[in-house]
Amino acid sequence: MKPQTPKTEFWTGILHGSHNSLPAKITATRDDTRPEPYAWRCTCGESRSFPTNDDVFDTAWQHTHPRPLDGLRQRAARQRRTRHTR
Ligand SMILES: [Zn+2]
């Protein structure tokens, strides 16, 4: 079977990373016949398209290298109330 990649689509790069504790690979492509020529697709199924090449790498990097959440600790156990009913 042939790959369903159209003739007009070219590979512009591959980015390796991880998210959700799983390895991820992003394939960036370019297709001038599209309104947004630049696009990437992740192995998790996520895909995006952009008008410029700069946005492609930026968003792809963020997708495969997510930052740790800072405000996660403060949400621990703060539900402590002394209630006196009766
Ligand atoms: Zn992904």
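1. Two strands are counted as paired here if DSSP finds at least two bridges between them. With that in hand, β3 and β4 form a hairpin with four residues between them. G45, in the turn, has a positive phi of about 110 degrees. The two strands pair in the antiparallel sense over four bridges, and R41 stands opposite S47 in β4. The model is a predicted one.

2. Overall content. The secondary structure of the protein chain amounts to one helix and four strands. Read from the N terminus, the elements follow the order β-β-β-β-α. Of the 86 residues in the protein chain, 9% are buried. Among contacts with a separation of 6 or more, 24% are between residues 24 or more positions apart.

3. The sheet. The four strands make an open sheet in the order β1-β2-β3-β4, with antiparallel pairing. β1 (9-19) and β4 (47-50) each have a single partner strand, so one side of each is left without a neighbour in the sheet. Neighbouring strands are turned against each other by 20 degrees on average, direction ignored.

4. The β2-β3 pair. Strand β2 (residues 22-31) and strand β3 (residues 38-42) run antiparallel and are joined by five bridges. They form a hairpin with six residues between them. Within this pair, R30 stands opposite Y38 in β3, and the bridge partner of I26 in β3 is C42.

5. Placement of the helix. Helix α1 (residues 53-64) lies across β1, β2, β3 and β4. Its direction is at about 25 degrees to β1.

6. Which residues of α1 are buried? They are V56, A60 and T64. These three cover an arc of only 35 degrees around the axis, which puts them on the same side of α1. D54, D58, W61 and Q62, on the other side of α1, are exposed. The cover over the buried residues of α1 includes β1, β2, β3 and β4.

7. The core. Which residues make up the largest nonpolar core? It consists of five residues, I26, Y38, W40, V56 and A60. β3 and α1 are the elements that give two or more residues to this core. Leaving out residues up to four places away in sequence, A60 touches L15, I26, A28 and W40.

8. A28. This residue is found in strand β2. Is A28 buried or partly exposed? The cut-off for a buried residue is 20 or more other C-beta atoms within 10 Å; A28 has 19 C-beta neighbours inside 10 Å and therefore counts as partly exposed. Neighbours within four places in sequence aside, A28 is in contact with T12, G13, L15, W40, V56 and A60. A28 and S47 are 19 residues apart in sequence, and their C-alpha atoms are 9.5 Å apart in space.

Technical notes. Residues are numbered from 1 along each chain as its sequence is written. This is a predicted model: local features need pLDDT of at least 70, side-chain atom pairs count only at pLDDT 80 or more; totals for chains, interfaces and linings use all residues. Axes are lines fitted to C-alpha atoms, for helices over the stretch in contact, and angles run from 0 to 180 degrees between N-to-C directions. Two residues are in contact if their C-beta atoms, placed from the backbone, lie within 7 Å. A residue is buried if 20 or more other C-beta atoms lie within 10 Å of its own, exposed if 12 or fewer, and partly exposed in between; C-beta atoms are placed from the backbone. The arc is that of the directions from the helix axis to the C-beta atoms. A nonpolar core is a set of buried Ala, Val, Leu, Ile, Met, Phe, Trp, Tyr and Cys residues joined through C-beta atoms within 7 Å.
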